[in-house]
Amino acid sequence: METSPVTCRTLEDFYYIDAHTFEKQYKEVLSGYRRWSELSHADEWLVFPENIGEHLAIDETSLSNGELYTIVTNRDRHGREGCLVAIVSGTKSEDVIRALEEIPENRRETVKEVTLDLSDSMRKIVRSSFPKAQRVIDRFHIQKLACDAVQEIRIQHRWNAIQEANDAMENAKLEGREYVPFRYENGDTKNELLARSRYLLFKSADKWTKSQARRAKILFAEYPDLQQAYSLSHSLRMIFAKNTVKDAARLSMARWYNKVEEAGFHSFNVIAATFYEHYDDILNFYNNRSSNAAAESFNAKVKAFRAALRGIRDEKFFLYRLAMIYAYPH
């Protein structure tokens, strides 16, 4: 039996698909985007009532050019398919509430718990749209406020140290001598000590490295107010970490308030006032120890998806693809 000879083909014998053309064909024809029932209002609001559950999370995220969207997710779906309940353009409470009204009232009333941050608009949205749900303010937002207060004190000291060094250099120049900065036993100048202490102030002392512990000892000896502020921040972290009973946490929080008043730090007084306004919602954390980690995780997935696409050129199409992954069953 005769066989046909094998012929060598050059690259020119093959057809290649132009990437731009394929991308356009995928969007316009293959993906089903143009037949999407939500297309007309996708960049304003998307709501998926079938994905609602008893435990929700609400947060805001930026899709492109700094434009914010409010996102509601079902925490029980753990960031997988069916976790996206709603995504609404902007953070204006009235707009988000209006969009969430697309979900039947009887379904919204089944929600038992919603985690959120300290935003008053988010609080208003939850109160109006999920009236029977318990609001839980995320503990990590609370802890971040305390950490920011510590860093504010450190930064103020650093500006003063920079000015002090500039004045000393200027004096040395006027006097015609070489400027030699003072260095602590670990080799840091005052400015370097404050700059290099940033990360250790975020961590518990038992997690410091040897060099960080040495630097902290020098830092707190030089700046006792920083040690006091760090102690307040750390004790607040421990209240959330160790207390398992709501009443015990309430007592610990009251004691923490007293320490804040005694310290007299403006930033911590602002935090204490914020706590007073959101007291019950903060303490609701101890009912189930719920956090807004699910919302933060979903935001990270959105940002990773955006990065994989090298940005967003068509917002509606991006939202369509997001819905295909996280809203509809596969």
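Two strands are taken to pair if DSSP finds at least two bridges between them. In this predicted model, strand E2 (residues 55-64) and strand E3 (residues 67-74) meet that criterion, since eight bridges join E2 to E3 and the two run antiparallel. Within this pairing, Ser62 has Leu68 of E3 as its bridge partner. The two strands make a hairpin with two residues between them, and Asn65 in the turn shows a positive phi of about 55 degrees. E2 is mostly covered, with seven of its 10 residues buried.

E2 also pairs with strand E5 (residues 113-116), here in the parallel sense and over three bridges. Leu56 finds its bridge partner in E5 at Val114. Strand E5 in turn pairs with E6, again in the parallel sense, over four bridges.

Turning to the interior, nonpolar side chains tend to be buried together in soluble globular proteins. The largest nonpolar core in this model has 43 residues, and those with the most contacts inside it are Leu236, Met253, Trp256, Phe268 and Phe275. Helix H8 (residues 224-242) contributes the largest share of this core, seven residues. Apart from this core lies another, of 24 residues, among them Phe48, Leu84, Ile87 and Phe305. The surroundings of Phe268 can be listed residue by residue. Not counting residues up to four places away in sequence, Phe268 touches Ala146, Ala149, Val150, Ala229, Leu232, Ser233, Trp256 and Val260.

Nonpolar residues are also found on the surface. Tyr26, Val29 and Leu30 form a nonpolar patch there, with about 280 Å² of accessible area together. Val29 has its place in helix H1 (residues 19-30). With a relative accessible area of 45%, Val29 is partly exposed, because that value falls between the 20% limit for buried residues and the 50% limit for exposed ones.

The search for salt bridges across the whole structure finds 15. One of them is formed by Glu94 and Lys124, whose closest N and O atoms are 3.1 Å apart. Glu94 lies in helix H2 (residues 93-100) and Lys124 in helix H4 (residues 120-129), so this pair ties together parts that are 30 residues apart in sequence. Both partners are partly exposed: Glu94 has a relative accessibility of 35%, and Lys124 one of 34%.

Glu109 and Lys132 form a salt bridge as well, with 3.8 Å between the closest N and O atoms. Glu109 sits in the loop between helix H3 (105-108) and E5, and Lys132 in the loop between H4 and strand E6 (134-137), so the pair ties together parts that are 23 residues apart in sequence. Here Glu109 is partly exposed, at 29% relative accessible area, whereas Lys132, at 58%, counts as exposed.

In the salt bridge between Asp188 and Arg215, the closest N and O atoms are 2.7 Å apart. This pair links distant parts of the chain, 27 residues apart: Asp188 belongs to the loop between helix H5 (139-174) and helix H6 (190-196), and Arg215 to helix H7 (residues 210-222). Asp188 and Arg215 are both buried. They also take part in a network of salt bridges that links Arg183, Asp188, Glu192, Arg196 and Arg215.

Glu315 counts as partly exposed, at 23% relative accessibility. Leaving aside neighbours within four places in sequence, Glu315 is in contact with Ser64 and Tyr69. The C-alpha atoms of Glu315 and Ala161 are separated by 47 Å, and these two residues are 154 residues apart along the chain.

Note on methods: Residues are numbered from 1 along each chain as its sequence is written. This is a predicted model: local features need pLDDT of at least 70, side-chain atom pairs count only at pLDDT 80 or more; totals for chains, interfaces and linings use all residues. Side-chain values use heavy atoms; hydrogens and water are left out. Buried means under 20% relative accessible area, exposed over 50%, partly exposed in between (1.4 Å probe, protein chains only). A nonpolar core is a set of buried Ala, Val, Leu, Ile, Met, Phe, Trp, Tyr and Cys residues joined through side-chain atoms within 4.5 Å. Contact means heavy atoms within 4.5 Å. Patches are made of residues with over 30% relative accessible area and no salt bridge: like charges are joined within 9 Å, nonpolar side chains (Val, Leu, Ile, Met, Phe, Trp, Tyr) within 5 Å. Accessible areas come from the Shrake-Rupley method with a 1.4 Å probe; for residues, only the protein chains shown count as cover. A salt bridge is a side-chain nitrogen of Lys or Arg within 4 Å of a carboxyl oxygen of Asp or Glu.
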